[in-house]
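Please look over the sequence and the model below before reading on. The report that follows is meant for a reader who is meeting them here at the outset.

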Amino acid sequence: MSVGASVTTGVHDAAWFEGLVRAHGTAVHRYLLRRVGAAGRDEAEDLAADVLTVAWRRRDDVPDGAELPWLYRTAGFVLANHRRKGRPVPVAEVPDEIDDADPAVLVVEDAQVRAALAALSARDRQVLLLHAWEGLTGAALAEVLGVGRGGADAALSRARARLREVWATLDA
């Protein structure tokens, strides 16, 4: 925020936040669940609540029209901090329970998918998961990665090529 800018516009109020949680709370939870694994459901709920807490505290920084990419980027930071701490963060429950038959949950339990993803670099894995699991493309993917649109497109292309190579090796 620049010096002299208003502290709050009134647009990002409690009603805005409730809408944000309803619209994106489940997506943030799934994003985190995919990264901590099915055994970490409680951990994913705690982390999702932490991301939403950051969104409330920094609500004036959340860009209109790009809320979900901002939340995913924030979730990446929250998860990295959590892993550095090595201990759970106790916070309130996240709305909307995840269905055990949800394809997003099932893929986390697929051993070959996990092996292929584990063989990739952290950056390639991040790019692929943001695209395939979170559905981000173009400008939204670039926003989360903190690069330009061309950089995001190139990163996705390289990550796909490396995944094809890893998958072929696993199939052999």
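This report goes from the overall fold to the core and then to the aromatic rings.

The model is predicted, and the protein in it has eight helices and zero strands. Of its 172 residues, 40% count as buried, and the accessible surface comes to about 9,400 Å², with 53% of that belonging to carbon and sulfur atoms. Among contacts with a separation of 6 or more, 67% are between residues 24 or more positions apart.

The largest nonpolar core has 41 residues, and those with the most contacts inside it include Phe 17, Tyr 72 and Leu 130. At least two residues of this core come from each of α1, α2, α3, α5, α6, α7 and α8, and α1 gives the most, with eight residues. Leaving aside its neighbours within four places in sequence, Leu 130 is in contact with several residues, among them Tyr 31, Arg 35 and Tyr 72.

| Pair | Arrangement | Centre to centre | Angle between planes |
|---|---|---|---|
| Phe 17 and Trp 56 | edge-to-face | 5.3 Å | 65 degrees |
| Tyr 31 and Tyr 72 | stacked | 4.9 Å | 20 degrees |

Phe 17 lies in helix α1 and Trp 56 in helix α2, so their pair ties together parts that are 39 residues apart in sequence. Phe 17 counts as buried at 18% relative accessibility, whereas Trp 56 is partly exposed at 32%, and the charged end of Arg 59 sits over the ring of Trp 56, 3.8 Å from its centre.

Tyr 31 lies in helix α1 and Tyr 72 in helix α3, so this pair ties together parts that are 41 residues apart in sequence. Both Tyr 31 and Tyr 72 are buried, and Arg 35 lies over the face of Tyr 31, at 3.7 Å from the ring centre.

Notes: Residues numbered from 1 in each chain as written. Predicted model: local features only at pLDDT ≥ 70, side-chain atom pairs only at ≥ 80, totals over all residues. Heavy atoms only, no water. Helix = DSSP H or I, 4+ residues; strand = E, 2+ residues; numbered from the N terminus. Buried < 20%, exposed > 50% of the residue type's maximum accessible area, 1.4 Å probe, protein only. Contact = heavy atoms within 4.5 Å. Areas by Shrake-Rupley, 256 points an atom, 1.4 Å probe, with all protein chains shown as cover. Core = buried A, V, L, I, M, F, W, Y, C linked by side-chain atoms within 4.5 Å. Phe/Tyr/Trp six-rings, centres within 6.5 Å; stacked < 30°, edge-to-face > 60°. Lys NZ or Arg CZ within 6 Å of the ring centre and 35° of its normal.
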